[in-house]
Amino acid sequence: MKAATPIFKILSIVLLAAVVVYFVVQGYRYVTDPISTTLVYASAEEVTMEVNGYLVRDEETFHSDAGTLSHALSEGERVGRNQTMATAYPDSGALTRVERLEQLELRLEQLSFSLISYLDPDAALKLDSSINADILALHQSVAGGEYSGADEELSSLKSAILKRDYSSASQEEIESDIQATEKEIAELKSSLNGTAITAPEGGIYSAACDGYETVLTPEFLQDDLTPGKLDSVKPVSSDSANVGKLIYGDIWYYAANITDEQAQQLDGRSTVTLRFAKGLTMDLKMTVVSISRSENGHRTLLLKSDKYVAQTTLLRHQAATLVLRTYEGLRLPSNALRVSDEGVAGVYCVLGVRAKFKPVQVVYQGDGYALVEAVSAEEDSSMLRRGDEVIVTTAELYDGKVIG
């Protein structure tokens, strides 16, 4: 036993040295080229273009010399022919009576609802649901910057809340209040001597006039539209348009000056997606009407749409983004992409304790990242999916390599 001791010591030293060498080598490899991973997730990338232009519509403004005006329509409301847009009164005191009349009509509506509640027990529950919906709609409009819509939703919310105020009154009290309110409404109406201002044609009403109504017209766009001509547009005084304006038809335009380089990106395109910087939260599919001749390195782009004209009544000089194309795929770092010995592009993923090669097709190459599509494979484990752990390293990898 004593004779074997030196041999045992030698073997122990050799084994210890081998272990030390192994960990030194592995430590060196880790420091110089560590095995790191990242998770795959779905993403999208857009190719965009920033522009700044004007909305152009077929518009007509209206004026009244009356001392007091009471508007009858809300922003973006569709108007029929001969429908009243506003009422003109000869004396300034009439407006006070009009405001009182509106309050009484709202009160009558609240009283009528309270009376219905006695006959329909579910009416209050329906109203509560309506109040919740109005609160949500108001929040969405304010968050999206659609303040014209927020005014209408706030008014609707106030009306719904006030309807609940009479829930504790008796049926006899409510009926008595209804009769008194109807009587006062009739007296106020008979005291008012107003003249209705009606719409000559059907259209969409807007109370906001900016002076471009007679300058930026469809006819203006048809007469040799150039960058210089668009830049020279100036508004005229809109003080006389105290009634508001009507927008005729559903077609509206967006005209913007772009560079020659930007025009090349649009060459051959019939449609683009327009996204306003503010005022409207939805993306709009626009038709490319024309791109003008070059003038000092710039051209005029003209787009057209027949959608959402009622939601764009307050927009005029507007910054926007043109979305030319959208790429969707699985996002991963560019240095995770590999090419197999067979010349197939793909990535290595962690599968258990081994590296697994999964073929992909590159959809979009960004700055330091790529969007890829998974290539179908016979084995389910060979197809890249969201949540896969992709190996990001310059170390030598191969299918089945132990990495854990």
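A salt bridge is taken here as a side-chain nitrogen of Lys or Arg within 4 Å of a carboxyl oxygen of Asp or Glu. The structure is a predicted model, in which local features need pLDDT of at least 70 and side-chain atom pairs count only at pLDDT 80 or more, while totals for chains, interfaces and linings use all residues. Residue numbers start from 1 along each chain as its sequence is written, and side-chain values use heavy atoms, with hydrogens and water left out.

Under this criterion, 14 salt bridges were counted. One of them joins Glu184 and Arg100, whose closest N and O atoms are 3.1 Å apart. This pair links distant parts of the chain, with Glu184 in helix H5 (residues 171-191) and Arg100 in helix H2 (residues 94-119), 84 residues apart; helices (H or I, at least four residues) and strands (E, at least two) are DSSP runs, numbered from the N terminus. Relative accessible area was classed as buried under 20%, exposed over 50% and partly exposed in between (1.4 Å probe, protein chains only). Glu184 is partly exposed at 27%, and Arg100 is partly exposed at 34%.

A salt bridge also forms between the side chains of Lys358 and Asp388, at 2.9 Å from N to O. Lys358 belongs to strand S15 (residues 354-365) and Asp388 to the loop between strand S16 (369-374) and strand S17 (389-392), so the contact ties together parts 30 residues apart in sequence. Lys358 is buried, at 7%, and Asp388 is buried, at 16%.

Arg57 and Glu59 form a salt bridge at 2.8 Å, N to O. Arg57 is buried at 1% relative accessible area, and Glu59 is buried at 9%. Both residues belong to a network of salt bridges that also links Asp210, Glu213, Lys245 and Arg316.
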